[in-house]
Amino acid sequence: MSSHPAAEFDHLPGREVELDVATQDCLIHMGPQHPATHGVMRVLLKADGEILAGAQTHLGYLHRCAEKIGENVDWLQYLPYTDRYDYLAAMNNNLGYSLAVESLLGAEVPARAQYLRVICAELNRIASHLFAVGTYGLDLGAFTPLFSALRDREEVLELFEKICGARLTYSYIRPGGVMNDAPEGWLTKVAEFLDRFEKTWHEYWTLMVENKIFIERTANIGVLTEEQALSWGCTGPMLRGSGVDWDLRRDQPYLIYDQLEFDVVKGIGYRGTLGDCFDRNFVRMFEMTESVRILRQCLAQIPDGEIMHEEVGAVIRPAPGESYVSIENPRGELGHYVVSNGTKIAVRVRVRSPSFCNMSVAEHLMPGSMLGDAASIIGSVDIVVGETDR
Amino acid sequence: MSQRDTAWGPMEVQRVAASEAAQALQAVGIELKLCVPNLPWVAPEGEAKDLVRRAKEEDAEPVWRGDAYLLLSEPGQVTQALQHCRDELGYSQLYDLTACDPAADETQLKLIYGLRNLKSKARLILQSRVDKAAASVPSVASIYQAADWHEREAGEMYGITFVGHPDPRNILLPDDWVGFPLRKDYEYPDEYNGVSCKE
């Protein structure tokens, strides 16, 4: 008598169970239009039964030649294109590009503009992380957190609408300073938002992060080790989730970040293994509270004064040279490598986008995990395809 | 905490790192030139313009601004140089790898490797030059895996062959794309697979 678990059904007609079945690998196309890919991106999954045997990422569906455009329009005209790489954190993109151009101009913007830049960048970080956390819940089947997240993100977008008129593509931070000063009472509104947000933050924590199903779907899944994270060039919450203590705002301070007090959040393996999907989400959750801390300090310290550098005009001709300037975007290191030959059009505008580098490791995290975890892993990378493809 | 020299980040730490790395790499037989910018980091625009103009008039060494970098004389030595930087000098991360075409009439492309040391908080930029006619350079994907996708992108955009790359397919462009779009002499296509590219 055979001893396999299905043996008791062997007497039934048609129930001859073959034990050594040779299974065939099955190729599954995830995307290009899939809600969990957060944009048009295709992942080719090789499934051995329910287990992933391999994955291959196909990019390029959203390639809009941003770098080529950079070599064909003048320095200031390129600014609106920067809004469109990471469209969830356009303020940060504007900031990265503006700092890169200013590094060739040799122009440091006035103090008030620096504070306004940090306020907008950190507000945008909160909005971006809210969207990341909310949609991550959605990827894993939890619908409610997204609506709470969008409710709070809406408040940030309204603040941005008041300061620059746009809700998604701002072009507010520009080479030389910022577009205009904060309107009357705007800073008070920011403070009020922070008070409300600190309360609702606990909602996300209890509703989502401490949820048993969420923990089951993310803890111990897609573990990225420290060596892997460094070798693959991961940055941002991806790198910090693996326990690496690295944040450009503290370690390579730009603007006024050296005068502000904040902690760099790292993954600690809170519910599983260090560097798993849970840790990456965990880092994003606490980065929002750190941003609140930064914003409170900025609101208390912001000086009066000019908001544009007096020498940066409508047409700029940066000095010849080449410079790489990077900032900490919500998704990681956004770097601009800009080359000027002294004319009003750039020789090269290279965009080192965090999602591109973070995504390159995702296909190596998948083999061995369950098919359903593909969404967990891709979601935890928090890609914006506008940025991977540029 | 790193020293903040300018509003766009610390510059002095990069410059010191570049000269230290230059000595260390030369000691192991890698031929290179240390290129240091000669315009001040922060200067009134008019002053910088004067310096640029004067350098042109006097036919002196060109003045430029930005990051200091190491220019490798021999592109074939790039793997050896990066290996040394990673294993001996502590540059654990390749944050960027890209190329640049300086002008249509130039015969060479620039290759730019950006390394980062998370302990000393320094960045290090290595550059090399390859001929446009036969652009070929060893792949560094076996040293830093981050180079995998960056080399694919630089390869398709500039027509550079990365010898020894594990998977040299196009990454952002379609597989049947003709030409190398980021070269300065790139000619825009009239049509792609029957779809007109004209306005």
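1. A residue is called buried if 20 or more other C-beta atoms lie within 10 Å of its own, exposed if 12 or fewer do, and partly exposed in between, with C-beta atoms placed from the backbone. Buried residues make up 41% of the 199 residues in chain B.

2. This is a predicted model, in which local features need pLDDT of at least 70, side-chain atom pairs count only at pLDDT 80 or more, and totals for chains, interfaces and linings use all residues. Residues are numbered from 1 along each chain as its sequence is written, while chains are lettered from A and ligands numbered from 1 in the order in which they are written.

3. Chain B holds four helices and ten strands. Here helices (H or I, at least four residues) and strands (E, at least two) are DSSP runs, numbered from the N terminus. Their order from the N terminus is α-β-α-β-β-α-β-β-β-β-α-β-β-β. The C-alpha trace of chain B spans about 55 × 45 × 30 Å along its principal axes.

4. Two residues are in contact if their C-beta atoms, placed from the backbone, lie within 7 Å. Of the contacts in chain B between residues at least 6 apart in sequence, 57% join residues at least 24 apart.

5. The contact between the chains takes 49 residues from chain A and 46 residues from chain B. On the side of chain B that touches chain A, two or more residues come from each of α2 (45-57), β2 (65-66), β4 (93-100), β5 (108-117) and α4 (147-158) of chain B. The largest share, six residues, is from β4(B).

6. Strand β8 (residues 321-329) of chain A pairs with β2(B) in the parallel sense over two bridges; strands pair if DSSP finds at least two bridges between them. E322(A) has G66(B) in β2(B) as its bridge partner.

7. The largest nonpolar core has 164 residues, and those with the most contacts inside it are M91(A), I119(A), L123(A), L70(B), L124(B) and L126(B). Helix α4 (residues 111-139) of chain A gives the largest share of this core, 15 residues. Such a core is a set of buried Ala, Val, Leu, Ile, Met, Phe, Trp, Tyr and Cys residues joined through C-beta atoms within 7 Å. Leaving aside neighbours within four places in sequence, L126(B) is in contact with Y69(B), L70(B), L72(B), A81(B), Y113(B) and L115(B).

8. N92(A) is found in helix α3 (residues 90-105) of chain A. N92(A) counts as buried because 25 other C-beta atoms lie within 10 Å.
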